[in-house]
Amino acid sequence: MADIIDKLKNKAFRDAYVNAHLTQGLAYQIKALRMQRGWSQQELANRLGLRGQSAIARIEDPSYGKLSIATLLKLSSIFDIALSVKFKSFGKFIHDLEDVSFAALSAESFDCELPKLIEKIENAEHSKVRKIYYSDSQLMDFETKLTKPIDVMDKEIKQSYLY
């Protein structure tokens, strides 16, 4: 671990390290998600509206590295999972790379995850920190006592966008 820390002191190495892990990690995760669902490359291509499996082979190639946010959003929709793209410290980045197993790269679709999600919400504490992303690009944290059902609070939040 000390060896990687020494290497990370070099800015060019840090940039290459992030690029390589992001590019390769996305390719491996897309392949893991496809395989988890039992889909062939051709089936995923069809779901993406692409003509041939060669496009998926390119996407799953760890050296390709030209995926756009739009393509990643399409893939997240097809896999029925969330996409999270965020900046983070190198410490958190390295921590996230500790487990790159098939299980760690897999993600259940919303429908598969829903029963566990319902149970988690039902067992949750009554006080939560909710993060709301406003159209003015400010991330606001605020503490909300869950005295109202979440769907009512979400409706109120959505209505506030209109005014």
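The protein chain has a mean pLDDT of 82, and 75% of its residues reach 70 or more; pLDDT is the predictor's confidence in each residue, from 0 to 100. This is a predicted model, in which local features need pLDDT of at least 70 and side-chain atom pairs count only at pLDDT 80 or more, while totals for chains, interfaces and linings use all residues. Residues are numbered from 1 along each chain as its sequence is written, and side-chain values use heavy atoms, with hydrogens and water left out. Over residues 126–147 pLDDT stays under 50, and the model has 39 contacts beyond four places in sequence for them (contact means heavy atoms within 4.5 Å).

Helices are DSSP runs (H or I, at least four residues), numbered from the N terminus. The 26 residues of H2 should span 38 Å at 1.5 Å a residue, and the end C-alpha atoms are 36 Å apart, which agrees; the expected span is 1.5 Å times one less than the number of residues. Buried residues of H2 are Tyr 17, Thr 23, Ala 27, Ile 30, Ala 32, Leu 33 and Arg 34 (buried means under 20% relative accessible area, exposed over 50%, partly exposed in between, with a 1.4 Å probe and protein chains only). Their cover includes helix H1 (2–8), H3, H4, H5, H6 and helix H7 (102–105).

The largest nonpolar core consists of twelve residues: Ile 30, Leu 33, Trp 39, Leu 44, Ala 45, Leu 48, Ile 56, Ile 59, Leu 72, Leu 75, Phe 79 and Ile 81. H2, H3, helix H4 (53–59) and H5 each give two or more residues to this core. Apart from it lies another core, of five residues, including Ile 4, Leu 8, Phe 93 and Ile 94. A nonpolar core is a set of buried Ala, Val, Leu, Ile, Met, Phe, Trp, Tyr and Cys residues joined through side-chain atoms within 4.5 Å. Within the largest core, Ile 56 touches Arg 34, Gln 41, Leu 44, Ala 45, Leu 48 and Leu 50, leaving out residues up to four places away in sequence.

There are three aromatic pairs in the structure. Rings of Phe, Tyr and Trp (its six-membered ring) pair if their centres lie within 6.5 Å; planes under 30 degrees apart count as stacked, over 60 as edge-to-face and the rest as tilted. Tyr 17 and Phe 93 pair edge-to-face, at 6.2 Å centre to centre and 70 degrees between the planes. Tyr 17 lies in helix H2 (residues 11–36) and Phe 93 in helix H6 (residues 90–96), so this pair ties together parts that are 76 residues apart in sequence. Both residues, Tyr 17 and Phe 93, are buried. The ring centres of Trp 39 and Phe 79 are 5.6 Å apart and the planes are at 15 degrees, so that pair is stacked. Because Trp 39 lies in the loop between H2 and helix H3 (41–48) and Phe 79 in helix H5 (residues 69–79), the pair ties together parts 40 residues apart in sequence. Trp 39 counts as buried at 12% relative accessibility, and Phe 79 is buried with a relative accessible area of 2%.

Arg 47 lies over the face of Trp 39, at 3.9 Å from the ring centre, and Arg 14 lies over the face of Phe 90, at 5.9 Å. The criterion is that NZ of Lys or CZ of Arg is within 6 Å of the ring centre and within 35 degrees of the ring normal. Phe 90 is in helix H6 and counts as partly exposed at 33% relative accessibility.
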